[in-house]
Amino acid sequence: MELLKALAAALERGDHQQTLEITRQAIKQEIPAKRILDDGLVAGMSVVGERFGAREIYLPDVLLAAKAMYAGLDQLEPLLEAGDMSAMGKVVIGTVKGDLHDLGKNLVGIMLKGAGFDVIDLGKDVPAAKFVEVAVQEGATVIGLSALLTTTMPVMKDVVDLLKAKGLDDAIKIIVGGAPVTDDWARQIGAHAYAYDASRAVESIRELVGQV
Ligand code: B1M
């Protein structure tokens, strides 16, 4: 659809004003929020990632694209959150220590809230011990870890190991995700689940909550 292509293009240019306006237009035209997200904002950000990886654009461009993505996400958030609000359980989420990428983690949080979960978002650059400490304090049954850098993925294993050392890995389940994270990695470090994207994270977390 032309409008969503224009949205992706505005995000690629890092034009937050246009991203905001086109997102509003798309909402007005009653295009489903999930579609605006996937075919507009996320599609644009994928191109930004490829171009950054190929050194065609640089960090300031990526920062502008992230700012634009937040402008669009702000508009979509109430629609994505407008799901079934019955309490499904408590989930602690965050991006692991050393990692400042939080767009994907925030999306997971938005979708979880929409599905009726109580979400405690610890933000980004979160030390391993903090995840376990807050989950215990708050009586959460799931910890969701996000990592976007290969160098920060090992922090996920630290959280799993810490939970095991405290004998809590039956009571609290860990799900991992983020662009470089795979199902194999999740198995290798002993996490209970892996999800490729935010929608699948919600499905997996529903299953994990059922296991506790
Ligand atoms: Co950075 N960055 N970045 N970056 N950045 C990547 C990740 C990179 C792949 C780009 C590239 O080279 N092609 C590369 C990593 C290479 C690697 O490790 N192999 C990279 C790099 C190198 C860096 C810096 C080191 C650059 C530098 O300083 N020289 C630096 C590191 C800073 C740090 O963290 N310490 C850096 C910085 C940044 C910005 C701050 C500029 C910005 C982040 C802004 C922000 O998040 N607030 C940024 C961005 C935007 C990106 C790319 C372009 C886009 C990431 C993104 O937001 N995607 C990224 C390229 C890419 O991923 N292709 C890149 C959109 C988002 C919706 O998707 O986060 O993947 P994503 O989330 C998805 C799924 O992964 C999944 O669900 C979401 C979709 O539904 N998911 C989960 C995520 N978490 C989940 C958790 C779950 C389940 C699913 O369960 C709990």
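Contact here means heavy atoms within 4.5 Å of each other. The structure is a predicted model, in which local features need pLDDT of at least 70 and side-chain atom pairs count only at pLDDT 80 or more, whereas totals for chains, interfaces and linings use all residues. Residues are numbered from 1 along each chain as its sequence is written, and side-chain values use heavy atoms, with hydrogens and water left out.

**Thr95 and His101**

Leaving aside neighbours within four places in sequence, Thr95 is in contact with His101, Asp102, Lys105, Gly123, Lys124, Asp125, Val126, Phe131 and Ser146. Thr95 belongs to strand S1 (residues 90–95); helices (H or I, at least four residues) and strands (E, at least two) are DSSP runs, numbered from the N terminus. Thr95 counts as buried because its relative accessibility is 0%; buried means under 20% relative accessible area, exposed over 50%, and partly exposed in between (1.4 Å probe, protein chains only). The side chain of Thr95 reaches the backbone oxygen of His101 at 3.0 Å. Such a polar contact is a pair of N or O atoms within 3.5 Å; within protein, one must be able to donate a hydrogen and the other to accept it, and residues adjacent in sequence count only if both atoms are side-chain atoms.

His101 is placed in the loop between S1 and helix H5 (103–114). Its NE2 atom, at 2.2 Å, is the only protein donor of the cobalt atom of the ligand. Donors are N, O and S atoms within 2.8 Å of the metal (3.2 Å for Na, K and Ca); water is not among the atoms, so sites may look incomplete.

**The ligand and its shell**

Of the 34 residues around the ligand, Leu100, His101, Asp102, Ser146 and Ala198 come nearest; a residue is near a molecule if one of its heavy atoms lies within 4 Å of it. Backbone atoms also approach the ligand, as tabulated below.

| Residue (backbone atom) | Ligand atom | Distance |
|---|---|---|
| Gly49 | nitrogen | 3.1 Å |
| Thr150 | oxygen | 2.9 Å |
| Ala179 | oxygen | 3.2 Å |

Two or more residues of the shell around the ligand come from each of helix H3 (33–53), helix H4 (59–81), H5, strand S3 (142–146), strand S4 (173–177) and helix H9 (198–211). H4 gives the largest share, 5 residues.

**Positive phi values**

Most residues other than glycine have a negative phi. Arg55 has a positive phi near 60° and lies in the loop between H3 and H4. Arg55 counts as exposed because its relative accessibility is 67%. Asp125, also not a glycine, has a positive phi of about 55°. Asp125 lies in the loop between strand S2 (118–121) and helix H6 (128–138), and is partly exposed, with a relative accessible area of 31%. Asp125 is also among the contacts of Thr95.

Ser204 lies in helix H9 and counts as buried at 16% relative accessibility. Not counting residues up to four places away in sequence, Ser204 touches Ile175, Ala193, Tyr194 and Ala195. Between Ser204 and Tyr194, 10 residues apart in sequence, the C-alpha to C-alpha distance is 7.8 Å.

Gln17 lies in helix H2 (residues 16–28) and is partly exposed, with a relative accessible area of 40%. Gln17 and Gly72 are 55 residues apart in sequence, and their C-alpha atoms are 9.3 Å apart in space.
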